[in-house]
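Open the structure in your viewer and keep the selection tool at hand. The stops below say what to select next and what is there.

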Amino acid sequence: MGIPNFVQLTWPTFLKGKEVVIANAIIAILTIGGQQLFSFFTFSCPCHVGQNLIYGLAFLGVPALILLVVGYALNNQTWRLVTGKRSPLQAEGTQNQLLQCKLTCFVLCSITGRALVAPVTWLAVTLINGSYYVCAMSEYVSVYYYGANPNITASDRKKILAAFPCSQLVPPELSRARDEVILLLRYQSQVAGWLLIAVVVITVFLSYCLASCFSPLSFLHFRYWTSYVHNEQELFDEATDQHSKLYAIQHIRKFFGFVPGSENVGEIRIPSLREWQAISGLAFLKLVDEEHYDYSLLHDWALKGSVDRKYLNVYPALSY
């Protein structure tokens, strides 16, 4: 039995325009899976005074920080925001500084929101799991929860509490106290995790509501605008690829005398040693005039002027 046509049409329509939501969901799912694997294979609490806190916070915060940086780095808007900002042409084109500042803040908030998906997911999942928090905070539990010997010294108490995440290091007579401490810390960690999720969900919802309220576009006009921007970017990428290829073909033809993929090539050009030297080496953008750059050494060589006519007829070689 086939799928009805209206169902086939509905799903693409429903998913269109929700690429950001789908991407964020995929990132969150991958982060959850990565956190579980990371915890299973690498996390092992040292159960030692002074080391538990550093170890637990490192596993809790460092991956979140790395995911945040990666989130910024993988967002194309980040590089659009910062690339060429020190260019003189960029300074000339900026007329309204206040409007430019507002736009920059808006884009930066949007980038940050996308970048925070993975680190917030990591923090929420690790807090709900509780293992990192238990390791980090075990030695700081109030003495009220330690019910064995009230006359024990503070340093010994900390050593015993620090060993609580490792059940094999806890004496049998302290098993009950250990269970109480672990339950208390897991309770605190999981409450913190759910509070973090609640705060993030409410903040995201309110942010979308405020952005929609202050939008100059109506609902359908906004959908049209997002569709236009998406289609424009796709067409621009296609045109960029084709334009750069056609432009590069002109320089390749000038250097080798033919275009790759051409049929019935009658002759090829033999570059001189000086020309090989000219296009070899490291290349940087070279400012030709106030409006144009040379993109490569071959580009620079091809625009310098006429070349010699050292060509080789290839018909005999092909027929042979």
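Where does Leu303 lie? Select Leu303: it lies in the loop between α13 (297-302) and β4 (311-313); helices (H or I, at least four residues) and strands (E, at least two) are DSSP runs, numbered from the N terminus. This is a predicted model, in which local features need pLDDT of at least 70 and side-chain atom pairs count only at pLDDT 80 or more, while totals for chains, interfaces and linings use all residues. Residues are numbered from 1 along each chain as its sequence is written, and side-chain values use heavy atoms, with hydrogens and water left out.

Leu303 is partly exposed, with a relative accessible area of 48%. Here buried means under 20% relative accessible area, exposed over 50%, and partly exposed in between (1.4 Å probe, protein chains only).

Next, select His251, in helix α11 (residues 219-256). His251 is buried, at a relative accessible area of 9%. Apart from neighbours within four places in sequence, His251 is in contact (heavy atoms within 4.5 Å) with Leu298, His299, Ala302 and Leu303.

Now move to helix α6, residues 97-115. Which residues of α6 are buried? Select Val107, Ile111 and Ala115. The buried residues of α6 pack against α3 (52-73), α4 (76-82) and α7 (117-129).

Last, turn to the other side of α6, where Leu98, Leu99, Lys102, Phe106 and Cys109 are exposed.

Terms used: The expected span of a helix is 1.5 Å times one less than its number of residues.
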